[in-house]
Amino acid sequence: MASAATALSFTPLINKKNVELSAFVSRSSVLSPNKSIPRKIVSVMSPQQTERKPSTTGSVKTAMTMTEKILARASEKSELIPGDNVWVNVDVLMTHDVCGPGSFGIFKKEFGPTAKVWDREKIVVIPDHYIFTNDQRANRNVDILRDFCTEQNIKHFYDITDLGNFKANPDYKGVCHVALAQEGHCRPGEVLLGTDSHTCTAGAFGQFATGIGNTDAGFVLGTGKILLKVPQTLRFVMEGEMPDYLMAKDLILQTIGEISVSGATYKSMEFVGSTVESLTMEERMTLCNMVVEAGGKNGVVPADSITHEYLKDKTSVPYEAVYSDGQARFLSEYRFDISKLEPLVAKPHSPDNRALARECKDVKIDRVYIGSCTGGKFEDFLAAAKVFLASGKKVKVPTFLVPATQKVWVDLYSVPVPGSGGKTCSQIFEEAGCDTPASPSCGACLGGPKDTYARMNEPTVCVSTTNRNFPGRMGHKEGQIYLASPYTAAASALTGFVTDPREFLQ
């Protein structure tokens with residue numbers, strides 16, 4: 001069906017605004033090999049499709065997508081099709097301080113107070129959400145994690161005991177989705193589940209990764225299995241050289257804006273194309289991180305040399321990557337010419353409320369927040385530092401910096417920024433007048449207790465590198481959040497208005 005998509009004819013759009021926002025995207029829906037494909041043309045052009053890699057699993061009776069292959073292997077089936085319900089063997093289960101206590105409670109209730117988990121080495125427990133707070137219930141959640149992990153002798157528990165100085169806790173990591181990657185728990189071809197909706201981040205490594213609830217997690221703790229319905233797959237082909245002022249956050253905001261927050265409900269979102277292939281692992285993580293904001297079951301990027309290079313010093317566990325077959329069936333295919341895309345934001349109060357950053361230049365803001373599993377990785381801070389360095393100016397609004405993990409925090413103080421004369425991110429941030437980088441955690445992304453650092457306790461307007469902008473998401477129910485890339489967030493901090501980063505990067 002790929003050839004049919006490539007052969008589409010194209011007609012120009014009438015609405016200029018839609019042309020700008022669609023970044024020249026086309027869409028085709030795959031129904032049946034024997035039926036014609038209805039075409040919804042919303043594009044001026046379509047880049048040439050890159051060659052799809054062959055399967056590593058040998059010959060198959062039915063052509064399958066990456067997600068279908070991963071679930072087939074994990075369910076010990078030779079082939080699967082969308083809609084099949086299968087029992088899947090889980091490779092990694094992750095939980096954190098918000099959902100861990102509930103999951104452990106269900107496990108004990110259903111399997112017995114003295115039951116043992118199915119595999120103590122395949123469970124990863126990462127406190128990260130409500131850590132640096134005086135809220136006693138939040139603190140108690142971490143205690144419950146510690147008690148359970150001690151009782152079960154869980155191998156991968158990243159504990160924190162000294163809340164006053166995170167550096168005194170060598171085992172503490174920070175945001176679970178970034179820590180999973182840094183600690184080598186993400187591997188191509190595997191099934192990774194987590195009690196957090198943004199577990200889909202790990203799909204950047206070519207694996208099936210999705211969030212589950214406490215009840216399912218309690219069952220997995222006892223059995224190592226989960227019942228899953230095989231999702232249909234949407235394919236997103238991103239071609240063209242990505243401009244220096246864009247980041248993966250712009251790509252996923254464009255995608256969500258195109259299909260809406262319900263456009264991928266219980267669908268797999270597969271990202272391919274020359275633009276995707278050029279992204280670093282951290283940028284691929286950003287891309288997959290927000291598929292759940294489109295309703296996606298999982299997001300996935302084919303593993304390649306960049307993936308293998310990232311993993312070579314992080315895991316000794318053998319893995320086998322899989323790739324979609326050439327004749328695999330995709331429910332729909334969307335094609336983007338990224339070279340024509342402009343910096344984007346998602347206006348309040350939905351991730352699909354897409355707009356060009358330059359169209360929002362009159363929006364006055366009160367603060368900027370750079371952090372979270374979406375925008376708190378080292379490369380995110382490096383991008384912000386690049387904008388501050390290029391401007392030579394000081395920020396005009398409070399600018400909060402929350403590194404995702406302890407490793408990111410260390411890198412902010414030790415890794416020189418290219419072209420800075422040896423300065424680190426922390427030095428550039430200090431010169432720009434930003435707040436001192438905070439202790440690594442989820443911070444204010446989910447709001448949290450009222451004493452959470454950078455929480456929006458008043459109805460302020462914030463440009464944020466996080467993933468959701470629903471009312472009350474970062475604290476106050478009347479707060480307004482503009483989702484943006486670190487480039488756009490930093491540029492906005494320098495002006496006090498929503499600002500296109502090209503103002504400082506060109």
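Buried means under 20% relative accessible area. The model in these exercises is predicted.

**Exercise 1. Burial in H14**

Task: Find which residues of helix H14 are buried, and name helices that cover them.

Solution: 
- Step 1. Locate the helix: H14 spans residues 406–414.
- Step 2. Apply the cut-off of under 20%. The buried residues are Gln-406, Val-408, Trp-409, Asp-411 and Leu-412.
- Step 3. Look for the cover. It includes helix H6 (176–182), helix H13 (378–391) and helix H15 (425–432).

**Exercise 2. How H4 meets H5**

Task: Describe how helix H4 and helix H5 pack, and list the residues in contact.

Solution: 
- Step 1. Place the helices. H4 covers residues 100–111, and H5 covers residues 136–152.
- Step 2. Take the geometry. The angle is about 45°, and the axes lie 9 Å apart.
- Step 3. Classify the angle. Angles under 35 degrees count as roughly parallel, and 65 to 115 as roughly perpendicular. H4 and H5 are therefore oblique to each other.
- Step 4. Assign the hand: the crossing of H4 with H5 is left-handed.
- Step 5. List the contact. H4 supplies Gly-100, Pro-101, Phe-104, Phe-107 and Lys-108. H5 supplies Asn-141, Ile-144, Leu-145, Phe-148, Glu-151 and Gln-152.
- Step 6. Sort by class: six residues are nonpolar, three polar and two charged.

**Exercise 3. The whole protein**

Task: Summarise the protein's elements, burial, contacts and surface.

Solution: 
- Step 1. Count elements: 17 helices and 19 strands.
- Step 2. Check burial. Of the 506 residues, 60% are buried.
- Step 3. Check contact range. Among contacts between residues at least 6 apart in sequence, 76% join residues at least 24 apart.

Methods
Residues are numbered from 1 along each chain as its sequence is written. This is a predicted model: local features need pLDDT of at least 70, side-chain atom pairs count only at pLDDT 80 or more; totals for chains, interfaces and linings use all residues. Side-chain values use heavy atoms; hydrogens and water are left out. Helices (H or I, at least four residues) and strands (E, at least two) are DSSP runs, numbered from the N terminus. Buried means under 20% relative accessible area, exposed over 50%, partly exposed in between (1.4 Å probe, protein chains only). Contact means heavy atoms within 4.5 Å. Accessible areas come from the Shrake-Rupley method with a 1.4 Å probe; for residues, only the protein chains shown count as cover. Axes are lines fitted to C-alpha atoms, for helices over the stretch in contact, and angles run from 0 to 180 degrees between N-to-C directions. Angles under 35 degrees count as roughly parallel, over 145 as roughly antiparallel, 65 to 115 as roughly perpendicular and the rest as oblique. A crossing is left-handed if the near helix is turned anticlockwise from the far one by less than a right angle, and right-handed if clockwise. Ala, Val, Leu, Ile, Met, Phe, Trp, Tyr, Cys and Pro count as nonpolar, Asp, Glu, Lys and Arg as charged, and the others, Gly among them, as polar.
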